[in-house]
Amino acid sequence: MNFRRLIIWSIIGTGISSVTTQLLTIREFLTQFCGNEITISLVVFCWLMMSGLGAFGAKVLKRGGGRTYALLILIIALWPLIQVIGIREMREIFFTHGISPGFYPILLYILIVISPYCLLTGFILPYSQYVLNRAGYGFESGDLYVTDSVGDISGGAVFSFILVYWLKPFPIIAVASSLLIVVGILLLVAHRQFFLLAVAGAACCVFLILCASPHVEKSTLVGQYGSIIQHIESPYGRIVITKEGPQHTFWESGLPLYSDANVIDVEEKVHYPLSQINHPERILLISGGLGQTLQEVFKHRPAHVDYVELDPAVTHAAEALGFIDKWPSLSIIHTDARRYIKETEHKYDAILIDLPDPHTFQLNRFFTDEFFAVVRRILKQGGVLCLHLDYSPNYLSGIRKKKLSTLYNTAQRRFEQVLILPGEQAYFLMSDRELNADIPALLKAKGIPTVYIEGFYYGNVTADRMDQLHDRLDPHESINTDFEPRLMNIVFEEWFNQHGTHPGWFFGVLAGLAILYFVFMKRAEYILFSTGFAAMGMEMLILFSFQIIYGYIYLEIGAVVTAFLLGLLPGSLVGQRWQSGLRRRITGSEMILLCLLVVFFAWASYMKMEPPPVCFLLFCFVFSFFAGLQFPVAAKIIGEEKSPAAGCLAADLCGAAAGTLVTGMVLIPLWGIRAAVIFLILVKISSMILIISNPRLGA
Amino acid sequence: MTRKEFLRTAALGASVFLCAGAGYGFMDKKGHRRESIRGRIFKGDGPEKPWKWSIEGFFYTKHGDSVQCQVCPNRCFLEPGDRSICRSKVNIGGKLYSLAYGNPCAVHVDPIEKKPLNHFYPRSLIFSIAATGCNFRCLNCQNWEISQKKPEEVEHTELFPEQVVAETQKRNIASIAYTYSEPITYYEYMIDTAKLAREVNIKNVLVSNGYINQKPLLELCKYLDGANVNLKSFDNDIYRCLNGGTLQPVLNTFKTLHEQGVWFEMTTLVVPTYVEDPEMIRRMCGWILKELGPDHPLHFLRFFPRYKLTRLPATPIATLEKMRGIALKEGIHYVYLGNVPGHEGAQTYCHNCHKVVIKRNGYLIEAVNLKEGKCAFCGTPIPGRWGAFRD
């Protein structure tokens, strides 16, 4: 067996396993905590940070050989299963059952759970170079980067385009780890480590049995969910259906989406808007159509109801269990609702939106000025749009005042009448017709019986409460747009406030550590740091912009990530071939990256056109091509002797971690897409200045 | 790997499992974590001097420069500059001050049934006020934006006790509720308002977690007409991990209210996986019957995901019905279901003839079959405070 070839295969295998595990881990954490950009950013940040730390560890380790290496890659192959089980099971040990934890507990939990794997995968790549070099095989940092990229691309593509559609997480782990297992076993055979081989063989058998058993996978969810009757892994997230006594509960990504007999919620969201219209002909319901919702809608005798739900798995499961009645005039449409609204030819008397508060870009798109403009196109004259925000009926806090004011001001730009009804949630009714707040009287006139509204409305939604709410709205609060998601920012603020935490300490500590790191890092490493920062920042920007325009991010996230990875490979291959003119080449690539950032800024600021998705993918490819090109060039500038792969990888990964966090958690939510691009431009300008001010760099 | 290395690794692995096993000591039978969430004193967090809406505390002891609040069982020991667990009391210059006096952050008029009180002047409206603060840390608090905030952190209106009473009179309302957040934390404001209200024959209603010491409660009882007190569970561990309090002081409160002749009703929020053990409910009912008798109504409320407890489903209706069935079977005369619109468990049935004496449709009373506080069908006295019914 060719030792060099086995190690190269192991690097590819590590890439496949680590990318797949990373994507699975993000999905797991999204179902454990609040499924928004904060969680995604934190997971990616911790992942890259710990991988960077692992790579840094390899810099100081100068012992071990093929046997140790074989054991390590076998551990890397098997650990993802332990990690995923750990994420699910340890939640109940770490946190009180049923709780949504705050920022710092989430951060700590993520760090603890993913650290072993990330440290190992970060360590193994430069260590593989050490092992090869020690065995007398030439293998430079650039080679390592290229080989790893092949693995990453394969892992990303296979997961995003194939595995996620067909398999549940445990079998996905088995498939993603298979190459590493084979290589690990072959390495042990090559080293004649038969005792270890027997132990490893037994461990792998147990691993495969556990991965293949659906009962084992389901049992790891019981602690969190209770008595599970169905568990679906759709490309959009995890759907779990539980049954306690006769009550079914639908869980979407860890949160109860629907439980039987929630009369209050159903009556409020349906009858507040529909009571305003005498004879609604066509009604559009966006999400939330399970259970009694449609029964209440059909009390108004519409000619037709279109119910748009993004995830077919939700409605299919609900239909199978009888939670969506079969109405002849009901159409269930599976697509992104904003896209549907943009493309449909139908006109509606009422549009009912039942979505949670906009804590993601995906959701924010239904609360923006641009969205309301699109809705107007399909709303009939006198039609009503209704959506809601979380609200506390007894007290309007400063943050909630900002939240309600922002949506109110945004809605007022497009609708003549905006009425807020302070029910269990704050219901926004928007129309060009006069809106009447006396809902029970309107329903009585229409002859529609209700349970909650009839008995409770006058006691809960009193004139006093409505006046208090309207009096406190701030007309100067800014409006919410697609590219400046003010509302999302407020919802984040509200979330931090709810947990009594603030990320300020976290960012303060990080800034301190970053300064320390900058002091000790080599100048060429800073270029890699800044490129890692800009590349991941740009990847986040593309993902969010894509989400804003097309919505269907969950399906396309793999395409975006893969396009980025695809660019890195040829970029690093080209960079690897260059042996001279390194300064000129790195300066050129810096210029091109800067130009690309300026192009993106121009698009986000002025053009506002919606390019076809392929343009985004092409942009990803070109950007990552030039980012990938820099790694081998910078490594050569530093010199293999002075800083082998470990230092460069650590700089690249730390930059990527910082870029993810700063862009995803601070820049975009706080100041919007354009401000984020400007910041990335500044970061790249700083590395340009570094090159220009150091004439000897790469000369 | 040598045998020695293998054994060493195995021993390490075994230690890890043992450590993990030790962690199970913090968990309940279902493997869920049960950690106390009791609040902590805010060291050095108090203002330098009292503000306009401050008053010196009515129940506290001095220990040199330090003070100890005696209103609730937390008995916060505050050094100068410290703030209490409930966030409303501070030690300024060796004196205990309440920062919640005359500065309610929530002022509304509600139907009395909303508190919920089903046997206390039905159909009447109640002027409801709240200042900030709470001595608990309930994970499912629906008013966390005022209960888990300091008085300085919220927007408030200015209503000193005499203004509260005047406003209530102006609106022609017969009672005042101290509600929404935790009134025990603004005890001084509440009792001063209650005294003035009593003078003009306005009723006082406490809506509370019942976490109060005997002495301040006895003083308060002199002016209280009605109360709804939460009995959040009948398990000290659940009190500790869901609410950050303990059970016994709450039980003492019920006994005191009963002894002092204050009309009260009890509310239990049925939180799935926490407060749904039939055996616990049986024990709870047994205690109620023994110590308080069968006449105080018990409300089982349906839980909905709120605040930090968002990863639990709503309580199944069947579970609520089961709880109600247990309580009725054990002998409690009036057991209601709340947060379940349209359910028969919202009606008042005579405990003797089982006919509907008060027919409710939400807050609306559709029929009253009571004559001078007695069942119109069989003449059995229906416990409660009954007055003239508003049209």
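This is a predicted model: local features need pLDDT of at least 70, side-chain atom pairs count only at pLDDT 80 or more; totals for chains, interfaces and linings use all residues.

Q: OK, at what angle do H16 and H17 of chain A cross?
A: Roughly 155°, with the axes of H16(A) (residues 439-446) and H17(A) (residues 452-460) coming within 9 Å. Angles over 145 degrees count as roughly antiparallel, so H16(A) is roughly antiparallel to H17(A).

Q: Which residues meet there?
A: From H16(A) you have A:Ile439, A:Pro440 and A:Leu443, and from H17(A) A:Ile453, A:Glu454, A:Tyr457 and A:Tyr458. By class, that contact has six nonpolar residues, one charged and no polar.

Q: Switching to chain B, what's the strand order in the sheet?
A: S7-S8-S9-S10-S11-S12-S13-S14, an open sheet of eight strands with mixed pairing. S7(B) and S14(B) are at the edges with a single partner strand each, so one side of each has no neighbour in the sheet. From one strand to the next, the twist averages 20°.

Q: And S11 with S12, parallel or antiparallel?
A: Parallel, over five bridges between S11(B) (226-230) and S12(B) (263-270). B:Asn228 has B:Glu265 in S12(B) as its bridge partner.

Q: How many residues does each chain put into the contact?
A: Chain B gives 44 residues and chain A gives 40 residues. On the chain B side, S7(B) supplies the largest share, five residues.

Q: What's that side made of by class?
A: 25 nonpolar, eleven polar and eight charged residues on the side of chain B that touches chain A.

Key. Residues are numbered from 1 along each chain as its sequence is written. Chains are lettered from A and ligands numbered from 1 in the order in which they are written. Two residues are in contact if their C-beta atoms, placed from the backbone, lie within 7 Å. Helices (H or I, at least four residues) and strands (E, at least two) are DSSP runs, numbered from the N terminus. Ala, Val, Leu, Ile, Met, Phe, Trp, Tyr, Cys and Pro count as nonpolar, Asp, Glu, Lys and Arg as charged, and the others, Gly among them, as polar. Two strands pair if DSSP finds at least two bridges between them. Axes are lines fitted to C-alpha atoms, for helices over the stretch in contact, and angles run from 0 to 180 degrees between N-to-C directions. Angles under 35 degrees count as roughly parallel, over 145 as roughly antiparallel, 65 to 115 as roughly perpendicular and the rest as oblique.
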